[in-house]
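Here is a colleague's note to read beside the model. Keep the picture open and look up each element as you go.

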Amino acid sequence: MDRLGTFALALSLALAAYGATAAIIGARRGRPMLVESARTTAYSLLVLVLAANVIMEVALLTNDFALRYVFENSSRATPVFFKVLSLWSADEGSLLLWNLVLAGYIAAVAFRFRRSRPETLPWALAVMYLVQVFYLILVLGPTQPFAAYAVAPPDGRGPLPLLQNHPLMAVHPPFLYLGFIGFTVPFAFAIAALLTGRLSDAWIRTVRRWVLASWIFLTIGLMLGALWSYGVLGWGGYWAWDPVENVALLPWLVATAFLHSVLLQERRGMLKVWNLSLAVGGFALTTFGTFLTRGSILSSVHSFAQSPVGPMYLGFLVVVLLGGFGLIAARAWRLRSEARFDAVLSREAAFLGNNLCLVLITLVVLVGTIFPLLDQALTNRQVTVGEPYFVETTAPVFLVLLFLMGVGPLLSWRRTTLDGLRARVATPAAAAAATLVVLAVAGMRDLPAAFAFGLAAFVLAANGQEIVRGVRAFARATGRRLVPAIAPAIARDRRRYGGYVVHIGVALAAIAITASSIFALRTDVTLTRGQTARFAGYTLRYTGERAVQQPQRRVLIADVVVTRGGRPAGRVTPSLNMYPSASEPIGTPSIHYGVLKDLYTSVIAFDENGNRATFRFFLNPGVMWLWVGLGVMALGGVLAAWPFGRRRGAVPAEPRVRELAEVAG
Amino acid sequence: MSDASSEATARHPTRLGGRSAAAVWIPVGIVVLIVALLAALFAFGLGRNPTVVQPVDLGKMAPGFQLARLDGTGTVSLGSMRGQVVVLNFWASWCADCIVENKALQAVFDRYRDQGVQFVGVSFEDQSGTARGFAKQMGMHWPLASDPGTTTAIDYGVTGVPETFVISPDGHIVAKTIGPVTYPELSEQIANAIPGGA
Amino acid sequence: MSGEGRGAAGTAAAAVVGVALVAAAAAILVIAARGAPAPTTLQERVRAVAVGLRCPVCQDLSVADSPAPLAQAMRAKIATELQAGTPPSAIRQQFVHAYGSWILMAPPRHGLSLVVWILPLALALAGCALAVVAISRWTRDRPGAARPEAAPAENLPGRPDAPDELSSSDRRLLERAVAASGAWEDPE
């Protein structure tokens, strides 16, 4: 088993190395056959890496404790579901999955460009193969997932308790990986453009949809991570500005910036160097993220993995940064811009503002995340850069972003007259003003939160209005009724409507985040069996503790009967889970999800054999809308990415013509 | 795709303006410099253990305490031990490292008990019953105290157990060990704290 | 699309925008004048202190948020101190004394840590400067359009949205495009 796995990986390494070599030689000597063989190598590589992953899964499911990885991360008592997940619950296994996703992306690129070949394809393939070579060396050298014992131990140690505590672990890491690794594609094509000197817009068009796919995966990954934090960690929140959360947010911010700035390059020839930098920066940030997580640089909830791969990641990061930004500095820095900018009151200006804000947030979060390291290196003290810092520094920028998200869709490309803007801004402005007035009358005291609500209303109204306007115009022009016109109207310009839908999702999420951070109620109470506590209109009666023995853990459940306004409102059952391998219990909160508010309960401790229990009760308003908002964002992304077929309708495809037509609109 | 790219190239011809050597090497040099600084920083980060919380500056006054003894025979207070070296050990029955350090602690206690060195064990986040049982089993013969509300541990900046402080006769914290103590290290810390050395 | 209808609609829109701006400004003033509420109950006062302190046994959670027993004990200690009349700043100082400045959730605003507080503002200013430089360059590059602002448009009320400085070839392209697409954007 172990030999077979190592063999598959070694063969994969050989194939990846061959692919890189063949692509480079083929491109330099002009041998299409060689390039073609480099392209098709991607499929065999995918099959081999997949085989290595399957071998590990089989070993996990068949309790093959002769494999060190299986011994350390699984046990006979581990439920089958969590055995499957054990593939990515520790460093070595998750690197296998990482390799699989990367090989999948290479194969997808090979397949996507099987007929239409961008001239940069050989170099892009070479870059992607080289990245794969690095990750394959990691699993063959310092981390060996298939390392084996001479004699198999009778039973394994089981996965880390925190990782086997919730089924969301099944989907959260794979989605993040899909998002992270997707950045390899734009990076590869950007490097290829730099190497070949084909720095026109071709590479941008090639990678745009790949970036969008990564963005969708990252959005879903971040959402699942937040759900996990909310549903498992028991502190009533969903985002802690933990270093590992931050490094997952950074590529997402860069991808969002990129998705907007490519439009400026496509339409107006602006920001060429900037876009190259975003592509390189996005990939460098994902590499930095893995380095930070696996190199155990900063302490974090997520430092599950302690491993010797840190120096290798660091070396790789240096190569990526030097290679990427060095090439940009050497070849593109003085790239002449053909850009033309007509007016400050234009969509271009809004997009520029959007990019400035997103990159600013990226840099601030990055600096804040690594500052403790810098401070310790220079002063040998330790400081914490935590939530208050990130909220204080990034919240104003997020508010500006919200404003731009509302005003951008109202502005035309090139130039908007004040009259034109006034007509389109009237409804959104009224919505924002109405929201603010209602808040003021209702006795609101938190000014930043009031801004957030007002701007969110502005964004909702502006983007909603633009969707309605577009559909109505289409219906009028084609003589259809409004409702039947929706689908074809949106199908004509999915990218634009997808963007509006994403904006609506962001506004919903902004409302949820603001509401849950300023209106949340919480209390700590210790209750004796039979005692009740009153909290936020609820009456909570602790009726006692019961223990449930599960194969892998013992669960102590607190039964709390909830009544509201004299009427029974169900029960909450927060629990503490005792794992044999953990000294301290791990809590599982009990959450009554609601459309407007969640009743969130966690138990902190049991005393006197369960006769007394200490609880934390939370009333979290609006959290449901965070999940809805993030889901809407992902849907908007899918909408924008979807049209794999040809565009329908008679929208002129020639960019210059399109641009002019939009000016007329 | 090839259509679009040739069209785009025609529209925005790629010009790599006048490229003197300086124009290439200055930006490249800046990139190299920044990457080198970042790499140095991260290499420093690799060389340390992020999970170890740095010990607080030593030499500050030890916070006073008066705690009920675990066996119910009165109280232990820091004030009453002024003039003697005090070894303050935070422990718990659920703590695996406390078992690890027990032998070393016993040996140091035996070595210094006649030299006027006071040992105090403060139980941390524990129930008195289980704590008593653990102490008996481990043979901890020095005064043991409970710490209701964990207030004393918080005053000392304890983040987990075991943690061991050495307090000089004039009441200053002169040494702190996070994690299990070893015989040579703790002996040396105590020796340094005894006036005139030992 | 007659000039008259457009003018009336435009006036109405301008009125709506004006009223909205005034109402929003008034609401913001009212909210700002109230100011953030001071914590009143003991639990709120405890939380106000505890959000600034890092839970030592968890990672990146504050004492206020953490469900860990030690954080619970710290909250209780903060409550005791507050009830004894210790001012919040002194309580924070006690924790710093015991644990070091590491216990504070945000770095202090002096010494080297000041850099991390100033940096966002410096970056924001640098970004704005960069944008201004880039925009002025792009605007200058453009032949025959030394117009950095859209301000002149203001002087031409009722001016149609389509720019009138289109070249004749552009105009032909535009007409072809509009004809081909069949008014796919709202013509107003």
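Predicted model: local features only at pLDDT ≥ 70, side-chain atom pairs only at ≥ 80, totals over all residues.

1. Residues are numbered from 1 along each chain as its sequence is written, while chains are lettered from A and ligands numbered from 1 in the order in which they are written.

2. Let us begin with a pair of helices in chain A. Two packed helices are described by the angle between their axes and the distance between the axes. Helix α1 (residues 2-29) and helix α6 (residues 121-140) of chain A pack at about 155°, and their axes are 8 Å apart. (Helices are DSSP runs of H or I with at least four residues, strands are runs of E with at least two, and both are numbered from the N terminus; axes are lines fitted to C-alpha atoms, for helices over the stretch in contact, and angles run from 0 to 180 degrees between N-to-C directions.) α1(A) and α6(A) are therefore roughly antiparallel, a label for angles over 145 degrees. Among the residues making the contact are A:Leu13, A:Ala17 and A:Ile24 of α1(A), and A:Trp123, A:Tyr129 and A:Leu136 of α6(A). Contact here asks for C-beta atoms, placed from the backbone, within 7 Å.

3. Now find helix α15 (residues 418-441) and helix α16 (residues 447-478) of chain A, which pack at about 150° with axes 8 Å apart. α15(A) and α16(A) are therefore roughly antiparallel to each other. The contact includes A:Pro428, A:Thr435 and A:Leu439 of α15(A), together with A:Phe453, A:Phe458 and A:Gln465 of α16(A). Which way does each pair cross? The crossing of α15(A) and α16(A) is right-handed, whereas that of α1(A) and α6(A) is left-handed. (Left-handed: the near helix is turned anticlockwise from the far one by less than a right angle; right-handed: clockwise.)

4. Chain B has six helices and seven strands, in the order α-α-β-β-β-α-β-α-β-α-β-β-α along the sequence. Of its 198 residues, 33% count as buried, that is, 20 or more other C-beta atoms lie within 10 Å of their own, with C-beta atoms placed from the backbone. Of the contacts in chain B with a separation of 6 or more, 72% join residues 24 or more positions apart.

5. What is the strand order of the open sheet in chain B? Its five strands run β5-β4-β3-β6-β7, with mixed pairing. The edge strands are β5 (144-145) and β7 (173-178) of chain B, each pairing on one side only. Strand β4 (residues 117-123) of chain B pairs with β5(B) in the parallel sense over two bridges; DSSP must find at least two bridges for strands to pair. Look for B:Gly121 opposite B:Leu144 of β5(B).

6. Chain C contains seven helices and zero strands. Of its 188 residues, 27% are buried. Residues 24 or more positions apart supply 45% of the chain C contacts with a separation of 6 or more.

7. Finally, helix α3 (residues 69-83) of chain C has 15 residues and reaches 21 Å from its first C-alpha to its last, close to the 21 Å expected; the expected span is 1.5 Å times one less than the number of residues. Its buried residues include C:Leu70, C:Met74 and C:Ile78. The buried residues of α3(C) pack against elements of chains A, B and C, including β9 (597-607) of chain A, α5 (151-155) of chain B and α4 (88-99) of chain C. After α3(C) comes C:Gly85, with a positive phi near 90°.

Note on methods
Buried ≥ 20, exposed ≤ 12 C-beta atoms within 10 Å, placed from the backbone. Contact = placed C-beta atoms within 7 Å. Parallel < 35°, antiparallel > 145°, perpendicular 65-115°, else oblique.
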